[in-house]
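Student: I have a structure to look at and would like to learn how its features are read. Could you take me through it step by step?

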Amino acid sequence: TVKCTCMLLLRCLRALGHERAARRLHHSPSLLSPVGKLVIADTSRPILLRTKHILIGNKGELHIGSPDCPYKGNLTISLFGRLDDSDEEHGYFGRKYLGVGTGGTLEIHGQQKLSWTFLNKTLHPGESNQNNYLFQRSWGNRGIIIHVIDPKTGEVLYDDRFDTYRSKNESHRLAKYVDGIEEGLILAMVVNDEGSNNLEDSAKKSLTRLGSKHISSLGFRSVLELDEQPAGWRPGDRVVVASTDYSMHQAEEFTLLPCPTCSPHQVKVKGKAQFIHMGEEVDGVDMRAEVGLLSRNILLRGEMQPGCYGNEACKFFQFDTFGGHLKRGFKAVHISGVELQHMGQQTMGHYPVHFHMNGDVDRRGGYDPPTFVSDLSIHHSFSRCVTIHGSNGLLVKNVVGYDTLGHCYFTEDGPEERNTFDHCLGLMVRAGTLLPSDRDSKMCRDITDGAFPGYVANPRQDCSATSTFWIANPNNNLINCAAAGSEETGFWFLFHHVPTGPSEGLYSPGHTEHTPMGQFVNNRAHSNYRAGMILDNGVKTTQANDKDKRPFLSLVGARYGPHQDADPFKPRVPALVHHFVAYKNQDHGAWLRGGDVWLDDCQFADNGIGLTLASGGTFPDDDGSHQQVKNSLFVGESENRGMPLPDNSIWGPGGSDLAGRTLPRGVDFPIRGIQIYDGPINVQNCTFRKYTALDGRHTSAFGFRLNNSWQSCPNNNSHFISRPQITSRVFFGEPGPWFSQMQMDGDKTTVFHDIDGSVSEYPGAFLVKEDNWLLRHPDCIDVPDWKAAICSGKYAQIYIQTRNPANLNMYMARDEYPDRPLMLEGALGKRKHYQQFQPVVTLAKGYTVHWDQAAPAEVTIWLINFNKNDWINVGICYPKGTTFTILSDIHNRLTKQTRKTGVFMRTTQREKVNHSHQARGYYYLEEDTSLLFLKVTAHNDREQFAFCSVKGCERVKITAVIPKGSPPSNCLAQAYPRHAELPVVDVPMPKKIPNARLVSVGEDPGSAVVLTLNDHIQDSHAANIKNEAEACFIYISFTNCEESKNLNTPKPNRNAVIWVDLLSSSGSDSRMSGLSPVSVTNELFLCDGSAVRC
């Protein structure tokens, strides 16, 4: 090894004619290339360059290899220095850096090697996964086997076996045996299986004296079966194998060994695995461990002190965190084939790879070729992996980021767009101190810089967001990437309402919340604590003050609603998540809030909760986006059972066989596949496997958000659901562990629509909470195991907003079930200046509303999911002597403008309430019951997924003058039985599917054809027939059999059940039993070539 300081490069500079730079270098342990070009020539001799820093100035260039001619030798650039050094630091780059100034060029290109791949055969702890040595049977079994041979005859004089894997006594016996062999004989030795575990130095010394060259390095050897040929990997290289269980700490490092007998897809590694690493598809989900290369022939490293010293980070870390860093503001930078070790600092702006305020770095910015970093191994670093700050169009490809502090792949201020992360791997991402989102709970509480004096942080709200990929602008591309273990989250998309830091002013407020998402394709996340993926939240973009005491950049709420050109007045653009794999994430596979968000061909397994889709915002600001997941697989408890460990407290029975396994959160945690929160969401053509409820653990394929105060949308729906190996389809919750008391508003109002009956076996039915009598009728079918009822009906929501007071509870009773009122506490807590209640209601029914205090002075009733002409009658309890002003209006959520549409006049005739019109309505005040009656009706059309009408949100606003000192406004005793009605089933219950057989995703359903209808089905237009091989399950019930004859269908081969959604505009056009006339699609599916059954 050539150990050189800058003196070697000093001679290079002089040879290039840069005498002035050479004189400067001669007097400083730093390398500066302010002018000219420095090329480090390839050599077969290893080079070590130690320097405090390297600065490439304007027009300066540093070249190590090129894309066409990569550097083939071994070069190490070692940056040394301490945080507390006395020499003056650079005002921009700081200390211990490789810096590229404005106008500088950096080209580093090491050997091309496979960056990372997958394990293709499961690696078990303590197993070698390799063929046994070929030897005579007499050589014995595990351990060190010795034959003593006569050199003249070749006869084996003595033989013995020493199990030095199991026993130190065997090692002592081996040393004594070897020392006792007389001179002149040949000692032949082989190690079978493993012999190093208890092999002590005495035996090693005895064998070394006889000439053994390998006994000192004897160790366990395993063979890894890889998915790809490990091009460029060499003996001595280091690799890391990712965890495939819940804990990221089960990632393991190995050193490659020579292996002349290995196949092209195999490598031999030193040592034995401590944990199981999956190398196969499990229950249909790809759970293969990632295997990342850590070693490169060009190494940029920071020299570290033996322990932490002299800064705030020492409160949290025992090791030195002042590594080197690489930062640019450049003319051209391209880096490939480089290893970065011990880089990054727990100080702001000093990261292993840092693009800082570079603007457009692709051809749009005049860079040709575009800027890229590729084939990097960034490991054991102290602050992030790759940081993109105020830079656009960067390509980050084939990068491995392992064992770092703080977000690994990090976009910083919000304006970073068009960057592409392609085939990047991140694992073992731990908390750091720099930003609130980097910090764990202890750091969040202990670091008070930036907080208002006296503020006590709430870690789970303000901090605790450490992520492998931290994406501050959705217009970036993530393709073929893996987030294989972080303290919190794999992929986190969040939003800066305004750009922060030096990017301030680069876009208008709210721009990123409406920016369409770039590509998110073929990514995977596992072994993360909080979630595999989150799309939610923002960061606080103002400094702490007495009104908001949280520090700058703390986590806050945000809502994502992508639109064309990021303009909320233009059409929505769905955010597409394609082929995302999430497994062994302790809390969530994915939590995605916003609209529209559409998932396709995804896989979720062994997550606490597979997937939650949350609505795009708080009503009425959210217009009701459409979220969906289709063609996806959900597995509750797979055959990847993990392994019991001494420090693993979450181990218990699971699955249908009750076998022991690692569990996501607790032995009684209610594992769920899809968690329904608010909506509307659509679950289509998905398969659910291995959801088994146990005694004391309510596992289910479909579940609901626990302790939920928010709305539940009756337009949540599912169809084409396959559920093999499931004992628990749905669970609505019950008081107890994890569910609390089930007394929050959202806990009581849960509902979803089973369009084809593939969940409930009743096509078109709704599943509702068993004790929600606002939605039930006499023919509903109770399912006690689900804590649910299967019902039929037409449902919508009302949003009742109250002021003065806002801290009251509301009781709502349906006239048909007056003894079963629903009590709602409100969604906003009791300290807000207004309150909101959002019950789901059965349309065309009568209700009364009551309060536990005097009625509020202001009540506004908003109509949610009401179609044109939908209505309910409402009687609201008020104190005697109250006077009213009642008007109707339309609120536009985008312009925030409200337009008056009518007034309500008092009438002395109760019946006249039903003859209200938009411009003039009527209300009736019943003096003896103190009930104010009115009819609320929708007068405008509503788009399919919107909460409100196309013109805005229709509402009725009641302003009341309440007499002072009024008692609680609860009129239930006076209202009933006077206004009680006999329960009526308006929408008949659908018939149960007879002998239903569901087709699984991926299973061939036979010959399927799709008939695309050109118009309404009764119009008998010629149908356009095309063959499709799609799995489907369908059912139809025509009222007129003659209509089926108008369809030009193939001749039936076998019997089957059929389903159809018909394009219809009114109730009379609907042909589906139990469905409201809302079109979902205009395609008729015929499975197995069957005919329509009437």
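Tutor: Cys308 counts as partly exposed because its relative accessibility is 22%, where buried means under 20% relative accessible area, exposed over 50%, and partly exposed in between, with a 1.4 Å probe and protein chains only. This is a predicted model, in which local features need pLDDT of at least 70 and side-chain atom pairs count only at pLDDT 80 or more, while totals for chains, interfaces and linings use all residues. Residues are numbered from 1 along each chain as its sequence is written, and side-chain values use heavy atoms, with hydrogens and water left out.

Student: To which residue is Cys308 joined by a disulfide?

Tutor: A disulfide is a pair of cysteine sulfur atoms within 2.5 Å. Here Cys308 is joined to Cys314, with 2.1 Å from S to S, and the link is left-handed, with -90° about the S-S bond. Cys314 is partly exposed as well, given its relative accessible area of 29%.

Student: How many disulfides does a search of the whole structure find?

Tutor: The search finds seven, and one of them is formed by Cys444 and Cys463, whose sulfur atoms are 2.1 Å apart. The torsion about that S-S bond is about 65°, so this disulfide is right-handed. It links distant parts of the chain, 19 residues apart, with Cys444 in helix 5 (residues 441-446) and Cys463 in the loop between helix 6 (459-462) and strand 32 (467-471). Helices (H or I, at least four residues) and strands (E, at least two) are DSSP runs, numbered from the N terminus.

Student: Are Cys444 and Cys463 buried or exposed?

Tutor: Both Cys444 and Cys463 are buried. Another disulfide joins Cys780 to Cys791, again with an S to S distance of 2.1 Å, and the torsion about its S-S bond is about 130°, so it is right-handed. Cys780 lies in the loop between strand 56 (765-769) and strand 57 (781-783), whereas Cys791 belongs to strand 58 (residues 788-791), eleven residues apart. Cys780 counts as buried because its relative accessibility is 10%, and Cys791 is buried with a relative accessible area of 0%.

Student: Now for a sheet: in what order do the strands of the open sheet lie?

Tutor: Two strands pair if DSSP finds at least two bridges between them. Three strands form this open sheet in the order 12-11-13, with antiparallel pairing, and its edge strands, each pairing on one side only, are strand 12 (156-162) and strand 13 (186-192). Strand 11 (residues 143-149) and strand 13 pair over seven bridges in the antiparallel sense, and the bridge partner of Ile146 in strand 13 is Met189.

Student: Which helix lies across strand 11, strand 12 and strand 13?

Tutor: Helix 3 (residues 168-179) lies across these three strands and runs at about 160° to strand 12. Axes are lines fitted to C-alpha atoms, for helices over the stretch in contact (heavy atoms within 4.5 Å), and angles run from 0 to 180 degrees between N-to-C directions.
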